[in-house]
Amino acid sequence: MIKKIVGGLLLLLPCFVLKAQLKLPRLISNGMVLQSEMPLTIWGWADNGSTVKVAFKGHNYKTRATDTNHWEIKLPAQKPGGPYDMQIISGSQKIDLKDIRIGEVWVCSGQSNMEHDLTSVVEQYPKLLAEGNYPDIRQFKVPNYYNFKKTEVDYASGSWKAATHDNIGAFTAVGFFFAQKLHEKTGEAVGLINISLGGSPIEAWLPESILKKYPKEYNELQKFKNDSTVAAVEKNDQQKWATWNHLLNSNDQGLLFGWRSLPVSSPAVVNWPSMSVPGYWADQGLGLLNGVVWLKKSVTIDRAANTQNTARLVLGRMVDADSVFVNGQFIGSTGYQYPRRRYDFPENLLRLGENTITVRLVSQTAKGGFVSDKVYALVRGRDTVSLAGRWKYQVGAFMPTAPGQTFIRWMPGGLYNGMLAPAFSYSTKGFIWYQGESNIDNANTYGTKLKDLLGTVRKGWKNEALPFLVVQLPNFMKQSWNPNANSGWAILREQQRKILSIPNTAMAVTLELGEWNDIHPLNKKPVGERLFLLAEDMCYQGNRSLGLSGRGPKLIPFHHSPVAQRAIANGDTVYIDFGPRQILQVRKGDHRLKHFAIAGADGKYSWAQAGIKGAQVWVYSADVKAPKKVRYGWSDNPIRANLENENGLPASPFEIEVTK
């Protein structure tokens, strides 16, 4: 026992409190995938000065813990294979690790379109989730955590999971499809370290040392280092929202008079006005209404329900928050506008004859309603009943605009410290980045910050040539037919394109894979597969299992989307060079190139004719003499952009200066 005097009292403390527990970081755990053909670091914590031994594949390695209780052991590069066991020993303490694979490890990072898992796209890939079993594809999902004061050295939770039936739904969808192709081609295990958080701007992933370059973001970081500031902001937000919601619920006539239980045929509802679904109520006579609107739809069922079955309401997307009822029974709710609404409920809630679907829809920022070009239906087994059409509605309450919310977890520096930095010691093949939607409002500075992120991860993993793959943002929102229209999405795509000036970077162009009415497109498989093509060229060109022995990336450019290299004027015609090995074509089904525009000295763009000549595109407009700039696909949603290469990969949008 150890004696200690505290406040005049003699305390007896057990000896073990002075001895550091042998401990491993969460990443070093059962089921992990270690990077092949690369030196490996195994690290952890133990008592100061104690000997730590690692036994792996018939070899023993040892070191001593430092005065900070930290230890690390370097393992030589390993061949792919497994499963293996590893044993870590310090004194009488021992940790046994099982089911270790050696293969390919990639970090997948960014915001929601990287974070979105396979369950969120189940409609697109139902068979995969029902039958998928890939025990050699594994994921470590880093828990969401921020820290403004210091860099964390470990995660509070997390473990390696294999893509078997019970776990596959939780895998990052983009990352999984990337890993699936990589595993298929190499036969090796693939490990994904999923470091992503929806809504996060790039500044949240940068360290304080970099943020000093950006005074606004740096000052925000200093502000949120103060615990009392964080607590005050959180309390203020909670109070404002509580007040707004209390007023909403207190004034909601639907809650006060039980509208949830009223059938469409009831006298109280039959004279309600109607509106079209899908559609926004601002376009149907209600104006920019904040508050709550109750909507009802009658559905006739002509055969009895099977009490053992589950039915589903598919309700597209709604703006902003909804609560949904079937014949007065609550079946689900969603608190904000972006998720797709899919509500499963017992089929025995339905009855023969008339049934009433009720939606209580809360608009927080003025334009409430049902998003167009989405599916709205009742699904019972193989039977689908469309819910599009006229719905009865009644306003429950009018409200002021909802208060804003401070998303503290997105503040600068916090996610670097809490989520990214703790992974730096874990050897990885490369880094995949899918982010940018949250930086549309400050898109002009994104290119510099993306290069800063590249430098950060290469410094963190101590690899100046670390492969860095970027997903360029897809099409989103409505098409503008004005060649001079402002577009934050176009600017950000151009900023992403600039990263390609740095060696060992590549960009997956996804221009046609988006959805105009959804910031979270379902079609994630081609995104992952395009990333794999880039990784194949950059990282695996000498791997015989890929059939690429002796072939470098310059010999297979069709794996990369066409990217404009330069634009040269010859008279009033501009010739855009895409590199000598690109074979260009117009998208199948189209007859001529579209969405090119050129500008003269006045900077005003005009739509232009365009055509393909070898590895070049020529662009001409009779309205522009002595062209100075050329654009392609320059809008939020350039649906007419149709330049691609022979492999069907779309060309990157761009804006470049014209030279002579």
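Where is the place of aspartate 320? Aspartate 320 falls in the loop between strand E17 (318-319) and strand E18 (321-326), helices (H or I, at least four residues) and strands (E, at least two) being DSSP runs numbered from the N terminus. The peptide bond that leads from valine 319 into aspartate 320 is cis, with omega near 5°.

The structure is a predicted model, in which local features need pLDDT of at least 70 and side-chain atom pairs count only at pLDDT 80 or more, while totals for chains, interfaces and linings use all residues. Residues are numbered from 1 along each chain as its sequence is written, and side-chain values use heavy atoms, with hydrogens and water left out.

The protein comprises twelve helices and 38 strands. Its radius of gyration is 29 Å, close to the 26 Å that the globule rule gives for 660 residues, so the protein is as compact as a globular protein of that length; the radius is taken over C-alpha atoms, and the rule is 2.2 Å times the number of residues to the power 0.38. Along the principal axes, the C-alpha trace spans about 80 × 80 × 50 Å. Of the 660 residues, 53% count as buried, where buried means under 20% relative accessible area, exposed over 50%, and partly exposed in between (1.4 Å probe, protein chains only). Among contacts (heavy atoms within 4.5 Å) with a separation of 6 or more, 75% join residues 24 or more positions apart. The protein exposes about 29,000 Å², of which carbon and sulfur atoms supply 51%; these areas come from the Shrake-Rupley method with a 1.4 Å probe, and for residues only the protein chains shown count as cover.

Several details of the backbone deserve attention. Most residues other than glycine have a negative phi, and most peptide bonds are trans. A cis bond joins glycine 82 to proline 83, with omega near 10°, and proline 83 belongs to strand E8 (residues 81-90). Strand E5 (residues 51-56) and strand E6 (residues 59-64) pair in the antiparallel sense over six bridges; two strands pair if DSSP finds at least two bridges between them. Lysine 53 has lysine 62 of E6 as its bridge partner. The hairpin of E5 and E6 has two residues between the strands, and lysine 57 takes a positive phi near 55° there. Asparagine 69, in the loop between E6 and strand E7 (70-75), has a positive phi of about 70° although it is not a glycine. With a relative accessible area of 26%, asparagine 69 is partly exposed. Aspartate 373 has a positive phi of about 60° and lies in the loop between strand E22 (369-370) and strand E23 (376-380). Its relative accessible area is 60%, which means that aspartate 373 is exposed.

Charged side chains form 29 salt bridges in the whole structure, each defined as a side-chain nitrogen of Lys or Arg within 4 Å of a carboxyl oxygen of Asp or Glu. Arginine 340 forms one with aspartate 518, the closest N and O atoms being 3.1 Å apart. This pair links distant parts of the chain, 178 residues apart: arginine 340 lies in the loop between strand E19 (329-334) and E20, and aspartate 518 in the loop between strand E28 (505-508) and H12. Both arginine 340 and aspartate 518 are buried. Glutamate 515 forms a salt bridge with lysine 374, with closest N and O atoms 2.9 Å apart. That pair also links distant parts of the chain, glutamate 515 being in the loop between E28 and H12 and lysine 374 in the loop between E22 and E23, 141 residues apart. Lysine 374 is buried, with a relative accessible area of 14%. A network of salt bridges links Asp99, Arg101, Asp136 and Arg138.

Which charged residue is buried yet has no salt bridge? Aspartate 636 is such a residue, and the nearest side chain of opposite charge, arginine 493, is 6.0 Å away; Lys and Arg count as positive and Asp and Glu as negative, while His and the chain ends are not counted. Aspartate 636 is found in the loop between strand E36 (629-632) and strand E37 (643-645). Not counting residues up to four places away in sequence, aspartate 636 touches a set of residues including Pro474, Phe476, Lys478, Trp489 and Arg493.
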